[in-house]
Amino acid sequence: MGQENPALTAELRRRLEEAEETIRAIREGEVDALVIRSRAQEEEVFTLEGGPEPFRAFMEAMDLGAAAFDAEGRMLYANAALGDLLGLTADEVLVRGICSALDPESAARVRDLLARGATAKSSVEIVVGDGRHVQVSASPLRVGVTDAVAVTLTDITSRIRERASQESERAALAILASANEAVIVCDREGRITHANAAVAAITAESPIGKTFSSAINLTISGFSAADPGSEIVARAIGGTPVQGIEAAAPDAPKCKDLLISAAPLRIGSDQISGCVVTMVDLSQRKTLEQQQLLLMGELDHRVKNTLALVLSIANRTANSEETVDGFQTAFSGRIQALAATHNILAECSWSSVRVAEVLHQEVGPFITTGENRLRVSGPDVRIRPRAAIALGLVLHELATNAVKYGALSSPDGVVAVNFTDNPESAFFSLEWREADGPRVAEPNRFGFGQTVITRSLQYSVDGGAELEYPSEGVRCTMRIPRADVVGA
Amino acid sequence: MVENATPTTPTEPTKLVLYIAGQTPKSISAIENLERICAEHLPGRYRIEVVDLRKSPQLAREHNIIAIPTLVRELPTPIRKIIGDLSDSEKVLVHLSVGD
């Protein structure tokens, strides 16, 4: 035993007491942090209380999915909300990891994020199994003495949907407000999201939510695709505008003929978020075009008929007249009679004219105004152009005969015309009866005039005329076929 | 007079260093307790330095601090350490030898 060094003994005792006091204080919970010397011989402070446990309890109470990974990507901790978000149980999350619930592309992005998150805060957006959008954020974290990565998962589906719907709403409203024609807006999947009021003329049911081709049935001549509606929408969504294609919509309540254009819809960015289809109603234009075609055909037909009639009148008049003067008078009189009927037919767009109108037009020029020498009785009717032209020629011949030889050649003669309309009968009849003129004898020679009178109305079996020569005055009964009588 | 002499001059203030680690509950409690004890028992005769080892961990070396909070009586010598949150006033006063 060497000699005791009292100072050394005191120092050792002091150190022992200090060590015992430290252990006692730690054991009795009087300290909550320790100073630890690292391998690099540097002091570091670690707290005993306020460590991960309170924070873990706090994280479990959050709606946010949260997890911690070590530097090698091993999961240290994950809260229950994270499992819920990914559709995994707590055990599945710990055993299989979060990437097991993701498609390969999303899993790769999350792994890349974990690698970057060890040094700096970073985040990505992914879509999880049930179509929800999730924002994954990672940032550096220290867990005790370990370097780690804190990861949070936030469900941003509703935020994204709301943003998307607000964007499309705003754009569509602006477009619809400024459009008179039918406008349909489709989303990127080709489903109709908006349709303005004019679309009701093309489809009776609301097209919202349907695909374009299931809402509107289109046929387009010369279009190769089997489903032209879908093809037009697909082209526009693909970025190629479609302009001015004529299409028929056979099921449409009103507008069956359409001019269709489609263009990509870009909202805010260059990304195409759907397409806009505009449809102009061509029904009115088509009707007008058809009417015009009909009129041109009709005009052609009438001109040919008239020329043939004029030619026939010229030939026949030339045959029956002996002098050039006689031909000129008779021919121009007949052409004027034809022109007079044309005039009144033109005024009514060649639809129908009154018999009395034709009568006055043809006979009127031979009677002095104010004299009551033409007496008309019986119910008047409207007749079609074919009958009107023939009747006009017949009346012209009767009038010129009356002026030359009959009742209108003497100052007291009168012409009475009586209309008879028996609905049972196959014709409407007019009786021309001259009176108080010179005595009449049957002519011994019949000219072209008589042929015109008796034959002009014979274009139908129900039509025709009989000419008689009683001594008190010429009498003529004319029959207008029922088929050419329009009504009263 | 000699037998009544004390190892320190009565007028020399007591110099105390309190080592804490940021805002841990025991650190906060230790600061409050020390200020109360000194104000009650050493009015006007003390000087306190608070060292936050979370900010400057290397300062732990000077007094070889292991557990936090720790109070060191630097003056009067010899140096004495009190470990804990100083909630036991009697124990603190005994260790500081105040009232010897």
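User: What is the area buried between chain A and chain B?

Analyst: This is a predicted model, in which local features need pLDDT of at least 70 and side-chain atom pairs count only at pLDDT 80 or more, whereas totals for chains, interfaces and linings use all residues. Residues are numbered from 1 along each chain as its sequence is written, chains are lettered from A in the order in which they are written, and side-chain values use heavy atoms, with hydrogens and water left out. Buried area is the accessible area (1.4 Å probe) that two parts lose on being put together, summed over both. Carbon and sulfur atoms give 55% of the area buried between chain A and chain B, which is about 1700 Å².

User: Which residues of chain A lose the most area to chain B?

Analyst: Contact means heavy atoms within 4.5 Å, and 20 residues of chain A are in contact with 22 residues of chain B. Together giving 30% of what the side of chain A buries, the residues that lose the most area to chain B are A:Asp32, A:Val35 and A:Glu43.

User: How many salt bridges are counted between chain A and chain B?

Analyst: A salt bridge is a side-chain nitrogen of Lys or Arg within 4 Å of a carboxyl oxygen of Asp or Glu. B:Lys91 forms one with A:Glu30, where the closest N and O atoms are 3.9 Å apart. Between chain A and chain B the count is 4 salt bridges.

User: In which sense do S1(A) and strand S3 of chain B pair?

Analyst: Strands (E, at least two residues) are DSSP runs numbered from the N terminus, and two of them pair if DSSP finds at least two bridges between them. A:Ala33 stands opposite B:Ile68 in S3(B). Over 2 bridges, S1(A) and strand S3 (residues 67-68) of chain B pair in a sense that is antiparallel.

User: How many bridges join S16(A) to strand S17 of chain A?

Analyst: S16(A) and S17(A) form a hairpin with 6 residues between them, and A:Val414 stands opposite A:Ala435 in S17(A). Strand S16 (residues 414-420) of chain A also pairs with strand S14 (residues 374-377) of chain A, in the parallel sense over 4 bridges. S16(A) and strand S17 (residues 427-435) run antiparallel, and the bridges that join them number 7.

User: Is A:Ala197 buried or exposed?

Analyst: A:Ala197 lies in the loop between strand S9 (192-195) and helix H7 (212-215) of chain A, a helix being a DSSP run (H or I) of at least four residues. Buried means under 20% relative accessible area, exposed over 50%, and partly exposed in between (1.4 Å probe, protein chains only). Because its relative accessibility is 71%, A:Ala197 counts as exposed.
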